[in-house]
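Subject: The model you asked about

Hello,

Here is the structure for you to open alongside this email.

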Amino acid sequence: MNEEVKKIDLPGPVSCANWKAFENGAILRSIIEYPLYTDARIISEITDGYGPYKFLNTVPSEDRPGLLKPSIILRVELYLENDLPQMKETDTSNYHGGWYPDEIAALVSLCLGVRVKAADASRCFDGGGDPLGRPQVSRFRREPTMNIGDSRLNLPNLVGAHSLEKLTPLKLLPQLAGDEAIVVIRAARLYQDAIWICESEPALSWLMLVSAIEAGANMWDMGDDTPVSRLKSSKPDLYSILENTGIDGLTENVANEMAHTFGATTKFIKFTLEFLPEPPENRPPEWAQISWSRSFMKAALGKIYGYRSNALHGGIPFPAPMCTGEMVIENCMVEKPSGLASSALGGVWLAGDTPMLLHMFEYIARGVLINWINSLRNAKQ
C-alpha cells in the first residue's frame, strides 16, 4: 500500500468508528473539546459510560429562548488515525454534511429534544504537550446563531430544563453496522436542523421533520407490500371510491398503474405508525386534541406527506395554519388549528386539511425516531 496515502476503511461515520476503536483497545491519539451550544437549560453531567465521549456541564447562569450558550462541553478521546481516503471515486456512504462533533451534537439534540449545535474545538490535549491542554480558536465553522422573535414559540418544549440522562439511546452507536449508523445520524441531523429553524422557518421545519422520518423508514421498510395495500394506506378515499364502483379488477389495475407514486407515502405512514409514541402526558381539553387513533393518524400522515410532495415538487409551502404556535389552554398548547377553516397569506384551508400543529408533529417525529433507534438496540441484544 502507498505509504503516503493510506486507505481509510471506516466502519461507519467517524463518531461510530471512533467508539469502536476505543472498544477494540486502539491507541489514544488526542483529546479534543468542543462546545455544544443550546438555548435549553442542561441538567446533570456524563463522565463515563459513553465510550470515548464525555458531556461536561458548564452551568450557565442564564437561560431563555434563543439565548445560545456553550452549556455542554463535548470531550472527545480520538482513537482514529488522521489518514486521508483514496480519492479515486466518489463515495458518499458516510456523508451527511458535517463532521464527528456534528454527529454527536445531532444525536444529543434528538435524544434530549433540544436545540444543540457544535462549535469549533476549544481545547486540545496532545501527547507530550501541556497536561492541562492547549486552548485553541480555529475557524472551520462559525459559532451557531439563531433567529427567534418575541411572539409565542412554535415549539416551547425545546427550552427549559432537560437532563443529559436522556442520552441513553446514544449508547447503541458502537453496536450498529456502518450503514445503520449513518442512517441514524442522517435522521438525527435532519431533526436537529428542523428544530433549529422552527421559529423562523416553520414550513421548512415541517419538511425536514418528514425527511427525518423518511430516512429511518427507507432503512426499515422491506418493500413487500402489494400495490393494492399501498393504495389503501396512502389513498384511502380513492381506494373506497374504486371499491364502491363494483367493477371487477378496477382497484388492482389502478393500484398497479399508480404503484410508483404512492410507495413512498405508504412507507412513511407504516414506519410512523409502527413506532408511534404514546400521547403526551399533558394535553389540552379534548376538543383541542388530535385523535390518537390509527385511522386518524393514517389520514393525517397521508395529508402531511402530500404537503411534503407539494413543497418539494410544486413549491407550495406547508399550510400556514399548521406552522403557528396557536393558543394555550390550561397551560397546554392546542394540538390542531382552531375553527372550521383558516385563511392566511393568500390561502384558505378547511379544518380537515390541517390535521395538526407543528409542535405535535415534532413530538411524533422525535418519538418515532427514538422508538426506532431503541428497536435497533433490542435487535442487537
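Below I go from the overall picture to the core, and then to a few single residues and a helix.

This is a predicted model, in which local features need pLDDT of at least 70, side-chain atom pairs count only at pLDDT 80 or more, and totals for chains, interfaces and linings use all residues. Residues are numbered from 1 along each chain as its sequence is written, and side-chain values use heavy atoms, with hydrogens and water left out.

**Overall picture**

The protein has nine helices and 12 strands; helices (H or I, at least four residues) and strands (E, at least two) are DSSP runs, numbered from the N terminus. Its radius of gyration is 23 Å, close to the 21 Å from the globule rule for 381 residues, so the protein is as compact as a globular protein of that length. That radius is taken over C-alpha atoms, and the rule is 2.2 Å times the number of residues to the power 0.38. The C-alpha trace spans about 80 × 50 × 40 Å along its principal axes.

Of the 381 residues, 49% are buried. Here buried means under 20% relative accessible area, exposed means over 50%, and partly exposed is in between (1.4 Å probe, protein chains only). Among contacts with a separation of 6 or more, 77% are between residues 24 or more positions apart; a contact means heavy atoms within 4.5 Å.

**The core**

The largest nonpolar core has 88 residues, and those with the most contacts inside it are Phe55, Leu167, Trp206, Met356, Phe361 and Trp372. Such a core is a set of buried Ala, Val, Leu, Ile, Met, Phe, Trp, Tyr and Cys residues joined through side-chain atoms within 4.5 Å. Helix α9 (residues 358-380) gives the most to this core, with 11 residues. Apart from it lies another core of five residues, including Tyr37, Leu68, Ala119 and Ile197.

If you click on Met356, look for its partners beyond four places in sequence, among them Trp206, Ile290, Met322, Phe361 and Ile364.

Ala187 lies in helix α3 and counts as buried, at 1% relative accessibility. Leaving out residues up to four places away, Ala187 touches Ala212, Ala215, Leu369 and Trp372.

Glu214 sits in helix α4 (residues 202-220). Glu214 is buried too, with a relative accessible area of 12%. Beyond its neighbours within four places in sequence, Glu214 is in contact with Ala264, Phe268, Tyr305 and Arg308.

For contrast, Asn82 is in the loop between β4 (69-78) and α2 (100-112). At 78% relative accessibility, Asn82 counts as exposed. The C-alpha atoms of Asn82 and Arg366 are separated by 34 Å, with the two residues 284 apart along the chain.

**Helix α1**

How many of the 10 residues of helix α1 (residues 14-23) are buried? Eight are, so the helix is largely enclosed by the rest of the structure. They are Val14, Ser15, Cys16, Ala17, Asn18, Trp19, Lys20 and Ala21. The cover over them includes β3 (53-57), β4, α2 and α3 (178-196). Just after α1, Gly25 takes a positive phi of about 75°.

Happy to go through any of this with you.

Best wishes
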